[in-house]
Amino acid sequence: MKVHTMSMPHLMFYAPGLFAIAATEIIMRAFHAMQDTRTPVVVGVGMVLTNIALSLLLSGRMGVGGLALAYSIANSGETIVLLLIMRRRMGGIAGPQIAASLLRILVAAVIMGEGLSLGVFAAGDLLVAGALLVRLLLVTLLIAVGALIYMMLTIWLGSEEIIALASRRSKT
């Protein structure tokens, strides 16, 4: 299976910041719930300025990959700053429970990713050069298998969030 290798390094530099992008969205909603829209904006402006500075610094050395890495670093910094401010305002944020939850999520995600890698390898050229309908079916199957693997693993690992979600679903 031939993969366009030019885009892979760029994606590799975006990957570390994905958690921050997702977490920032949730953290900003918490600030909004506390009637504070100013703090996320101020921290966000800082993130943009940091991103610009890092982009100028890293793009000269790393090209487009440097832009992706700059974004990941700046966004991670924004998430950390927002979490620290939230922690101070709320008098704590249950760090050990969050760390345990993140560890369970990470283990499940890594195993799911490896399982999907095997599926992509098994699909071979069909995933890239097959007929459109075949590619759509394969991608749909991989998504479904990935979701099933992830859900089963998080339940097996005792993820409180998934168990709570499942129990809420069963009540409706």
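**Exercise 1. Divide the lining of the largest pocket into residue classes, then locate this pocket in the predicted model.**

Step 1. The lining residues of the largest pocket comprise 16 nonpolar, five polar and one charged. In this count, Ala, Val, Leu, Ile, Met, Phe, Trp, Tyr, Cys and Pro are nonpolar, Asp, Glu, Lys and Arg are charged, and the others, Gly among them, are polar.

Step 2. The largest pocket has a volume of about 720 Å³. A pocket is an open set of points on a 1 Å grid over the protein atoms alone, where a 1.4 Å probe fits, with protein on both sides within 12 Å along at least five of seven lines; lining residues have an atom within 4 Å of a point. The volume is the space filled by probe spheres set on the points, which are joined across faces, edges and corners.

Step 3. Among the 22 lining residues, Ala-23, Ile-26, Leu-83, Ile-98 and Leu-102 are the closest to the centre of the largest pocket. Two or more lining residues come from each of helix 2 (18-33), helix 4 (64-90), helix 5 (95-123), helix 7 (132-156) and helix 8 (160-171). Helices are DSSP runs (H or I, at least four residues), numbered from the N terminus.

Conventions: this is a predicted model, in which local features need pLDDT of at least 70 and side-chain atom pairs count only at pLDDT 80 or more, while totals for chains, interfaces and linings use all residues. Residues are numbered from 1 along each chain as its sequence is written, and side-chain values use heavy atoms, with hydrogens and water left out.

**Exercise 2. Describe the second largest pocket and its lining.**

Step 1. The volume of the second largest pocket is about 190 Å³.

Step 2. Its lining consists of Ala-15, Pro-16, Leu-18, Phe-19, Leu-102, Ile-105 and Leu-106. By class, that makes seven nonpolar, no polar and no charged residues.

Step 3. At least two of the lining residues come from each of helix 2 and helix 5. Helix 5 gives the most, with three residues.

**Exercise 3. Which residues form the aromatic pair, and why does the pair tie together parts apart in sequence?**

Step 1. The structure holds one aromatic pair. Tyr-14 and Tyr-71 form this pair, edge-to-face, at 6.2 Å centre to centre with 70° between the planes. Rings of Phe, Tyr and Trp (its six-membered ring) pair if their centres lie within 6.5 Å; planes under 30 degrees apart count as stacked, over 60 as edge-to-face and the rest as tilted.

Step 2. Tyr-14 lies in helix 1 (residues 8-14) and Tyr-71 in helix 4, so the pair links parts that are 57 residues apart in sequence.

Step 3. Tyr-14 is partly exposed, with a relative accessible area of 37%, and Tyr-71 is partly exposed at 28%. Buried means under 20%, exposed over 50%, and partly exposed in between (1.4 Å probe, protein chains only).
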